[in-house]
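Good morning, everyone, and thank you for making time for this.

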There are 2 protein chains.
Amino acid sequence: MSVQLNETHHPALRSWVVSANDGKTDFPIQNLPFGVFRRAGSSEHFRIGVAIGDQILDLTLAQQVGVFSTIMDARLAHALGASQLNALMDLGNATASAIRAALSHALREGAPAQAGLQPTLVAQADAEYALPAQIGDYTDFYTSVHHATSVGKLFRPDNPLLPNYKWVPIGYHGRSSSIGVSGQQFRRPIGQTMPPNASTPSFGPAKRMDYECEVGVFIGQGNTLGDAIAMDEAEQHVFGLCLLNDWSARDVQGWEYQPLGPFLAKNFASTISPWVVTLEALAPYRKAWARDAADPQPLPYLDNANLRDTGAFDIELEVLLQTEKMRQEGMPAQRLSLSNFAHSYWTVAQMVTHHTVNGCNLRAGDFLGSGTQSGPAPEEAGSLLELTEGGKKPIVFANGEQRIFIEDGDSIIMRGWAQKEGAPRIGFGEVEGRLLPARSL
Amino acid sequence: MSVQLNETHHPALRSWVVSANDGKTDFPIQNLPFGVFRRAGSSEHFRIGVAIGDQILDLTLAQQVGVFSTIMDARLAHALGASQLNALMDLGNATASAIRAALSHALREGAPAQAGLQPTLVAQADAEYALPAQIGDYTDFYTSVHHATSVGKLFRPDNPLLPNYKWVPIGYHGRSSSIGVSGQQFRRPIGQTMPPNASTPSFGPAKRMDYECEVGVFIGQGNTLGDAIAMDEAEQHVFGLCLLNDWSARDVQGWEYQPLGPFLAKNFASTISPWVVTLEALAPYRKAWARDAADPQPLPYLDNANLRDTGAFDIELEVLLQTEKMRQEGMPAQRLSLSNFAHSYWTVAQMVTHHTVNGCNLRAGDFLGSGTQSGPAPEEAGSLLELTEGGKKPIVFANGEQRIFIEDGDSIIMRGWAQKEGAPRIGFGEVEGRLLPARSL
């Protein structure tokens with residue numbers, strides 16, 4: 001197992017931002033994820049920041065204080081001054097790594113930069129976020145074999161796992177325009193469904209509203225149309241990861257999805273967390289990729305000796321629900337499931353390599369979804385469809401409320417984090433989204 | 001039947017650009033399609049132009065000569081000076097209509113503007129084109145019931161036309177990054193396929209390369225996330241139409257497409273024609289939408305009394321192939337098929353309305369494909385898969401060459417035009433693309 005760790009990973013590093021050192025924050029000095037923010041409710045331009053403890057460091061202001069003086073050039077200055085991360089992503093991971101190294105030094109206890117930087121910090125509690133990047137194309141994969149099998153059972157009882165699954169990292173194109181950042185609220189979609197035993201479709205608000213807990217992947221440097229990205233270079237094209245809620249209307253999906261896949265069942269909204277955690281920050285939490293002895297070896301173009309041992313990421317994924325009533329009663333969001341990204345059958349590198357093997361070009365800021373991350377145990381399922389066995393087994397909460405699918409006013413919250421003996425806990429923050437009632441017909 | 005015709009449609013109008021009056025051009029003064037061009041091989045910025053006869057009128061220069069003086073404002077000046085059509089599309093169809101009216105006057109025989117405009121014309125023979133707009137999202141529909149049925153027979157002999165087809169305008173998301181303009185050349189894609197009777201997949205260049213003849217739809221003004229676009233407003237959100245070749249690798253498609261639809265079989269390249277023909281220019285060529293007596297009536301949200309009579313467009317669609325050998329021998333491209341967009345089961349307005357019924361937002365410059373336009377007769381099929389019955393029936397050309405699928409070096413050319421008693425012929429120009437050999441493995 002070969003994973004490159006550098007100085008920025010050192011578990012003993014502490015920051016002069018004291019909230020970064022409490023051992024509970026998602027954002028210790030070893031994380032330093034990138035995002036786009038402004039003061040909430042202001043008319044400021046959105047700008048690039050890095051999360052540290054419960055604060056945000058504005059990279060334009062950090063640049064003015066000279067934090068990046070040894071690596072600065074015109075392209076980097078342009079990229080850091082932008083209102084989205086695309087230009088920075090396009091500079092490649094060596095640049096992002098140099099920025100993280102400079103920030104790691106500037107934010108350490110005792111750093112001379114503290115005096116200049118401390119007044120520029122914005123509390124996360126006072127911030128609002130935008131999408132980290134302009135997403136040119138969004139592709140959603142289907143990398144959890146546990147999800148594919150249990151959903152397959154519901155849609156195709158005779159044929160749950162299709163013959164291509166263990167050979168092809170199945171993916172399909174999604175909708176960019178309706179991707180929003182945490183806090184997104186959206187109306188229950190309206191559409192066609194075919195009720196059981198009916199002979200003509202119904203039209204109205206979707207009844208089987210669901211979430212899907214996914215890991216999102218932001219592409220860094222792209223590739224030229226016609227060129228493929230090999231496995232051993234794939235992660236150099238990944239800027240970082242975030243959380244993704246791929247909201248789904250199951251009754252719309254069941255009626256529309258053949259033969260060309262999900263469409264209106266998914267494209268009304270997708271919500272992502274605001275912070276992009278770099279693969280560099282995640283280096284201590286790598287694992288061997290998940291394969292059973294009976295599974296076929298990947299075809300050579302999807303195989304790589306080093307990544308067999310390190311291709312997966314040990315990231316805990318938690319999903320919580322908070323109803324309108326819970327909010328009114330001051331009851332916290334209730335956990336629905338806890339799973340782990342390491343159960344994924346296909347890895348991030350395999351997604352990138354497969355996507356480009358035919359010459360398809362990825363661009364900086366393009367976005368990949370991992371597909372619903374369900375683990376092997378039923379309680380690790382990443383969607384209500386699975387947790388309630390297709391709506392047959394309600395989830396009962398401590399306040400007496402029950403759910404089989406999402407109801408109007410419900411919030412879904414997802415959190416992700418990694419921790420390991422000898423390394424600090426780092427996290428993704430959270431992605432929250434809320435379902436509003438359907439528009440009137 | 002109610003179709004709004006105005007002065008710009010008058011069949012007797014003639015232009016001082018004499019090539020616009022020959023009765024054969026795609027671009028008489030009644031057409032005036034929008035595109036983005038520059039002098040071929042130059043380093044000029046791409047700019048917005050309108051085709052007239054065999055020439056292009058540069059709209060920035062037309063603006064400077066005062067052609068749009070009565071409708072000019074800062075937003076329009078900004079939109080006309082851009083290097084893509086998105087800002088103009090976003091101004092809405094009333095603005096595009098006002099521009100066409102002003103151009104119709106300025107380009108007429110005897111127009112005083114001739115002296116100022118004539119020196120600014122660029123011959124189409126000297127031009128190169130870029131994508132008309134930045135395409136945020138690309139959605140491909142499946143509107144030809146003849147295509148759906150005949151392809152369905154090949155992929156699912158027991159179940160050719162799925163039960164949802166006549167209720168749901170089936171669509172799925174496509175890839176924006178690999179869409180190119182006419183002249184696009186691309187390498188044969190490499191990927192996984194499952195040969196007949198094999199138990200493990202093969203890896204290598206795709207063997208069953210195909211085209212799909214489609215009509216493309218550019219969205220004009222968009223809608224807000226959560227709002228739907230009703231049928232009677234749908235065409236106000238369509239800027240215009242072009243031609244689309246949705247290249248397809250059938251052997252990749254057959255192995256990968258279940259359960260989430262085509263992915264790598266399609267996203268290596270898609271090629272569109274450079275000129276966007278407005279719905280206003282197409283007004284004389286409308287027809288009743290295609291329904292048999294036995295077909296179900298559309299659900300109310302997809303129905304509209306006026307569009308039942310006028311929702312379809314009578315656009316001839318021709319596909320031609322030219323092999324490397326034909327080019328060397330000076331043999332022209334050979335016709336593969338001739339069909340008509342009026343055979344489409346679902347209309348442009350139904351595509352827009354269905355796409356947004358769940359609240360999905362469309363943005364100016366978004367692109368919809370109609371899906372392969374096959375007519376009812378076998379020789380009207382819009383793909384080789386259909387014309388050769390899945391590769392079983394070769395097409396034999398006059399020079400002795402045969403094809404079942406596309407070979408390296410082949411060009412596919414598509415043309416589209418509309419003509420009618422009492423109205424001039426207008427056309428789309430052509431979209432040409434060429435398959436190059438696969439990259440070496």
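Let me begin with a term: two strands are said to pair if DSSP finds at least two bridges between them. What I am showing is a predicted model, and in chain B the strand E3, residues 55-58, pairs with E4(B) in the antiparallel sense over two bridges. If you look for B:Gln55, you will find that its bridge partner in E4(B) is B:Ala123.

These strands belong to an open sheet of five in chain B, with the order E4-E3-E2-E1-E5 and antiparallel pairing. Strand E4 (122-123) and strand E5 (127-129) of chain B stand at the edges with a single partner strand each, so one side of each has no neighbour in the sheet.

Now to the two chains together. Chain A is superposed on chain B by a rotation of 180° with 0.0 Å of shift along the axis, at an RMSD of 0.0 Å, and the two copies are thus related as by a two-fold rotation axis. The same surface serves both copies, since 100% of the contact residues of chain A recur in chain B.

Finally, I would like to turn to A:Asp137, which sits in the loop between strand E5 (127-129) and strand E6 (138-141) of chain A. Is A:Asp137 buried or exposed? With a relative accessible area of 3%, A:Asp137 is buried, because the cut-off for that word is under 20%. Its contacts include A:Arg363 and, from the other chain, B:Arg175 and B:Ser176, and a polar atom of the A:Asp137 side chain lies 2.9 Å from the backbone nitrogen of B:Ser176.

Conventions
Residues numbered from 1 in each chain as written. Chains lettered and ligands numbered in written order. Predicted model: local features only at pLDDT ≥ 70, side-chain atom pairs only at ≥ 80, totals over all residues. Heavy atoms only, no water. Least-squares fit on C-alpha atoms with pLDDT ≥ 70 in both. Contact = heavy atoms within 4.5 Å. Helix = DSSP H or I, 4+ residues; strand = E, 2+ residues; numbered from the N terminus. Buried < 20%, exposed > 50% of the residue type's maximum accessible area, 1.4 Å probe, protein only. Polar contact = N/O pair within 3.5 Å; in protein donor to acceptor, adjacent residues only side chain to side chain. Lists of a residue's contacts leave out its neighbours within four places in sequence.
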